[in-house]
Amino acid sequence: MVHKVYLTSQGLEEARVELSFLKTSKRAQVSDRIQRAREFGDVVENAEYDAALDEQTLVENRIIYLEDVLKNAKVIATDPNNDFVVIGSTVKVEMDGEVDILTIVGRVEANPAKKKISNESPLGSALLGAKKGEVVEVATPIVRYKCKILEIK
Amino acid sequence: MNDKPLVTFDAKLPKLSDNERKVLDLLLEAGRLIVPIYEEQENYKFPGANFYPHGVLKSEIEKAAKENPEILSPYTVVEKIDNKLVATPYHKKYAKLLKPVVEKLLVAAEVTSNKNFAECLKVQAKALLDGSYDEATICWMSVKPYILDINIGPVERYDDKLFFVKTAYQAWVGVIDKKNSQKLNKYKDVILSTRRKVAMASEKFDYYGKVQTRIDNTLLFAGLIARTKFVGVNLPNDPKLMEKYGSEITLFKEMHKLRFETALWPTFNRIFSPEFKKQFSAIDLERGSLYLTALHELAHTYLRYRDSEKRLQDLFPVIDELAASVMGIKMCGSLLLKDIASTQQLESIMLAFITRAYNFVLNEEDKPERGQYVIGGAVLLNFLLESGAIKRAGGVSWPNFMKMFVSFDELMSILGRVLSRGKRSDAEALIKKYGSFTNLRSFN
């Protein structure tokens, strides 16, 4: 089954730029690193060679991942409706005495440091469709909280 | 206690320059020289250790402090001379023992090629000589980024079980783990960017934006910290300094590993049933314990009230330290709902907390220096037993994580009330209700 990957247009562009960089520049850089490491001598006891191979694996895995994301991407509206929460909404919520401002994004764009949470997270999925002032229940097998939507932007 | 208050670690260090190695050796020598000073202060036979004259009533000290506030200064030794209580500043009382420490620090300041660090070492040396400890703490917090780390002087108050006022000498020396410090700082930013509603907001210190974190490859603990074996600290202790300059959270990697291997993992294996234990590996629990330490120290940021130490007196650390761990777990619950933490991580953190509490309670007689944590551990375990979150069946406990999380929520409401506006009698009533060890020893 094809799993849709929700992205904002900015997220889609970022994924394209990253994929292009990995394919056109990074691959070549890693290849050079492997070549230089080979020149250090015996590859069996060569830590730099091992590190370079590890980096190559990471880069190739990331390329496969991003290609899959772009293939299944569904771009969401950049101007979200303020009446209820959709992917792309920035929401001010109160939960367990915490007041937080979060943006609901697709899983690929989730970035806690930038206050972007996935629509697939327990909180993200509970908020989708909720209106300002509404109280929704957010639950996992361990944690269960009520969350009030204070504002939708 | 027969063993020296000194712990050294064979930490794996990042590459250091020749200059850094020379300076590091001098710092280690300075750190070791704290041991005899702390030995003058420690005495577990008396709740006031050697900070106060033995046999003098608490009320007598309080009365003398009204006339002379220096009696209850964090940095004086109280003695009875000519039937009168007299306070002598630490830097005068221990001047002879402090001299070689100061000399080592000043030589290190001469040798180091890092000017800021040299200045910091000079300020720390000066503080040992004249008692200007606040300046030394502020200077220590401001030196970054730098690879070597030393904190030396009278800092923690856990040995003063009479008033929780007097500080004991200690030192730690380490090398900063830059990569993991950066990771911890990112984690800190995510957590502290959330505003938490607090009781008595007007009495709450707000310094969320001024909290820094670091992870040390620990090489040496001397003095009180070698006894308490802390895996994390949050300095300064003075809330007024914290409000003005922020705080610095330090996690000690090697001490965490040592405590996990020698205390937590054996206790975990002792208290949980074989069927339950196999769901969690040593790595799960070790990580859970490290996350708990980080969350505990970060949670302190949400719990600092202007006068809670004054209101709760000697019982403040029992309530404050327990509350920090409970709040830390609640914060992790919020991270779980945002997909920043996983269910397995939260479970491991809760298990690490319970295991720590059992470890304190079951070994309490061996840990006089950690009395406040032992009582806090007992309060936690009795609270969880009463709510049915943990059960005993033939000496084996089986936790119900959902009930446990609800219990943490309830316990935090109680602890939050006591910390924000409670009196000593409120803390005492809570400890009287839940602090008994009798019920807990049947886990043996």
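How much area do chain B and chain A bury between them? That was my starting point, and I kept in mind that this is a predicted model.

**Entry one: the area.** I looked up the buried area and got about 2,000 Å² for chain B and chain A, with 62% of it on carbon and sulfur atoms. Then I checked which residues of chain B give a lot of it. Lys197(B), Leu337(B) and Lys338(B) supply 34% of what chain B buries against chain A, more than any other three residues.

**Entry two: who touches whom.** I found 22 residues of chain B in contact with 22 residues of chain A.

I went through the polar pairs next and noted seven residue pairs in polar contact across the interface, both residues at pLDDT 80 or more. On chain B's side, at least two residues each come from strand S6 (195–196), helix H15 (316–337), helix H16 (343–362) and helix H18 (401–421). H15(B) gives the most, with five residues. Sorted by class, chain B's side has nine nonpolar, five polar and eight charged residues.

With charged residues on my mind, I looked up the salt bridges between chain B and chain A, and the count is three. I wrote down one of them: Lys330(B) meets Asp96(A) through their side chains, at 2.6 Å from N to O.

S6(B) pairs with strand S4 (residues 98–105) of chain A, antiparallel, over two bridges. I traced one partner: Val99(A) is bridged to Arg195(B) in S6(B).

Methods
Residues are numbered from 1 along each chain as its sequence is written. Chains are lettered from A and ligands numbered from 1 in the order in which they are written. This is a predicted model: local features need pLDDT of at least 70, side-chain atom pairs count only at pLDDT 80 or more; totals for chains, interfaces and linings use all residues. Side-chain values use heavy atoms; hydrogens and water are left out. Contact means heavy atoms within 4.5 Å. Buried area is the accessible area (1.4 Å probe) that two parts lose on being put together, summed over both. A salt bridge is a side-chain nitrogen of Lys or Arg within 4 Å of a carboxyl oxygen of Asp or Glu. A polar contact is a pair of N or O atoms within 3.5 Å; within protein, one must be able to donate a hydrogen and the other to accept it, and residues adjacent in sequence count only if both atoms are side-chain atoms. Helices (H or I, at least four residues) and strands (E, at least two) are DSSP runs, numbered from the N terminus. Ala, Val, Leu, Ile, Met, Phe, Trp, Tyr, Cys and Pro count as nonpolar, Asp, Glu, Lys and Arg as charged, and the others, Gly among them, as polar. Two strands pair if DSSP finds at least two bridges between them.
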